[in-house]
Amino acid sequence: MTTSSCFSVGCHAPVVAQWRRRPTPDELSAAIAEEQQMRQRITDLASADQPAPVFGPLPTAETCTVAVFGCATHVLSLDLAARVHAATCVPDPLKVPAACGCTPEPLPSPPAPQPVTQLPSGWVVPTQPAAPAGTVQPSTSAAGPAVLS
Ligand SMILES: [Zn+2]
Ligand SMILES: [Zn+2]
């Protein structure tokens, strides 16, 4: 397990935020090697009686991200932290909030709203009508609790 620390070299303040950037070629090679090792272990441990394990595509520079951490002083703005940054992005820790060193990728567009289906009458649960003022609730009846006979 790796411990997260502020991206600013030499800063040991507690980490309060994280954002993502694309991996460098070395980081991508390491991620692919780690994934291949894990897949090999799974294949080695798989039962010969069962279908062979099926794996998805290996990580690529477009699908892989690396976490970057910042302390309360060395942190990007919320808008910048929401976006994926370039592999070469090194924020300037002397600016507050830290200035980004790249042009981050745009945010993904929000999903299209789902069409609303109108249910036929009888399929809609009516909302509970509010009890009129002065109505005695069954649980507070003077006859006491109901008894099954
Ligand atoms: Zn810091
Ligand atoms: Zn950046």
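Two strands count as paired if DSSP finds at least two bridges between them. On that basis, this predicted model contains an open sheet of three strands in the order β2-β1-β3, with mixed pairing. The secondary structure amounts to two helices and three strands, and along the sequence these elements follow the pattern β-α-β-α-β.

**Sheet**

- Strand β1 (residues 15-21) pairs with strand β2 (residues 66-71) in the antiparallel sense, over six bridges.
- Strand β3 (residues 84-85) pairs with β1 in the parallel sense, over two bridges.
- β2 and β3 stand at the edges of the sheet, and each has a single partner strand, so one side of each is left without a neighbour in the sheet.
- In a regular strand, side chains alternate between the two faces of the sheet.

**Residue pairs across the strands**

- R20 stands opposite A67 in β2.
- R20 also stands opposite V84 in β3.
- A17 has G70 as its bridge partner in β2.

**Helix α1**

- Helix α1 (residues 25-45) has 21 residues.
- From its first C-alpha to its last, α1 reaches 30 Å, which is close to the 30 Å expected at 1.5 Å a residue.
- α1 is hardly covered, as the count of buried residues among its 21 residues is zero.
- An α-helix has 3.6 residues a turn, so residues three or four places apart point the same way.

**Burial and nonpolar core**

- Of the 149 residues of the protein, 11% count as buried.
- The largest nonpolar core has six residues, namely W19, V75, L76, A81, A98 and C100.
- In soluble globular proteins, nonpolar side chains tend to be buried together.
- A81, a member of that core, is in contact with A17, W19 and L76 when its neighbours within four places in sequence are left aside.
- Among these contacts of A81, W19 and L76 are also members of the largest nonpolar core, while A17 is the residue whose bridge partner in β2 is G70.

**Contacts along the sequence**

- Among contacts between residues at least 6 apart in sequence, 63% join residues at least 24 apart.

Technical notes:
Residues numbered from 1 in each chain as written. Chains lettered and ligands numbered in written order. Predicted model: local features only at pLDDT ≥ 70, side-chain atom pairs only at ≥ 80, totals over all residues. Helix = DSSP H or I, 4+ residues; strand = E, 2+ residues; numbered from the N terminus. Buried ≥ 20, exposed ≤ 12 C-beta atoms within 10 Å, placed from the backbone. Contact = placed C-beta atoms within 7 Å. Expected span 1.5 Å × (residues − 1). Core = buried A, V, L, I, M, F, W, Y, C linked by C-beta atoms within 7 Å.
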